[in-house]
Amino acid sequence: MLIEYNDEYFMKKALQEAEIAFDKGEVPVGAVVVIENQIIARAHNLTETLNDVTAHAEMQAITAAANYLGGKYLNQCTLYVTLEPCVMCAGALYWSQLKKLVYAAKDRKRGFEINQIALHPKTKIESGIMANQASHLMKKFFFERRKN
């Protein structure tokens, strides 16, 4: 069977990372960085594990991808992330000169778009890919946190 590498395929991989975060008690956000249909970085939130407010999935993915490539620019890469990046992550994505950002669910409070933060002018943005699945996992996480 031939695998079709498309936005949904890679977002499923990011969702797998979000599920790992969920299982660790982290806010369930996952990310993968792709270049030429190859995943070069996988990450999920580690803010609780590392006791580090900057350990968002996107930040972890940017660092891993830059290490893999041996350089700081991700201008040939696509980042797939399950939640719209926050202002901090958007700033890092701007400086990395990311080629394309694909995110699933909107973050209507802390997302970069609602806060009117621009990414690099050459960065293409797509949203809504598997948004229902990502939103469901996030709602489940916070529902379980509130009932305990």
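**Pocket, helix packing and overall fold**

User: How do the residues of the lining of the largest pocket divide into nonpolar, polar and charged?

Analyst: This is a predicted model. Gly counts as polar in this division. The lining of the largest pocket divides into 9 nonpolar, 5 polar and 9 charged residues.

User: What is the volume of the largest pocket, and which residues are the closest to its centre?

Analyst: The volume comes to about 680 Å³. The lining counts 23 residues, and the closest to the centre of the pocket are Leu 83, Asp 107, Arg 110, Met 138 and Phe 142.

User: Which element gives the largest share of the lining of the largest pocket?

Analyst: Helix H2 (47-50), strand S3 (78-83) and H5 are the elements that give two or more residues to this lining. The largest share is 5 residues, and it comes from H5.

User: Are H1 and H5 roughly parallel or roughly antiparallel to each other?

Analyst: The axes of helix H1 (residues 7-23) and helix H5 (residues 131-147) come within 11 Å and cross at roughly 5 degrees. Angles under 35 degrees count as roughly parallel. H1 and H5 are therefore roughly parallel.

User: Which residues of H5 make the contact with H1, and how does the contact divide by residue class?

Analyst: H1 brings Leu 15, Ala 18, Glu 19 and Phe 22 to the contact. From H5 come Gln 133, Ala 134, Leu 137, Lys 140, Phe 141 and Glu 144. Taken together, the residues of this contact are 6 nonpolar, 1 polar and 3 charged.

User: What is the radius of gyration of the chain?

Analyst: The chain has 5 helices and 5 strands, in the order α-β-β-α-α-β-α-β-β-α along the sequence. For 148 residues the globule rule gives 15 Å, and the chain comes close to this, so it is as compact as a globular protein of that length, with a radius of gyration of 14 Å.

Terms used:
Residues are numbered from 1 along each chain as its sequence is written. This is a predicted model: local features need pLDDT of at least 70, side-chain atom pairs count only at pLDDT 80 or more; totals for chains, interfaces and linings use all residues. Side-chain values use heavy atoms; hydrogens and water are left out. Axes are lines fitted to C-alpha atoms, for helices over the stretch in contact, and angles run from 0 to 180 degrees between N-to-C directions. Helices (H or I, at least four residues) and strands (E, at least two) are DSSP runs, numbered from the N terminus. Angles under 35 degrees count as roughly parallel, over 145 as roughly antiparallel, 65 to 115 as roughly perpendicular and the rest as oblique. Contact means heavy atoms within 4.5 Å. On a 1 Å grid over the protein atoms alone, a cavity is a set of points where a 1.4 Å probe fits but cannot get out, and a pocket is an open set with protein on both sides within 12 Å along at least five of seven lines; lining residues have an atom within 4 Å of a point. Grid points are joined across faces, edges and corners, and a volume is the space filled by probe spheres set on the points. The radius of gyration is taken over C-alpha atoms; the globule rule is 2.2 Å times the number of residues to the power 0.38.
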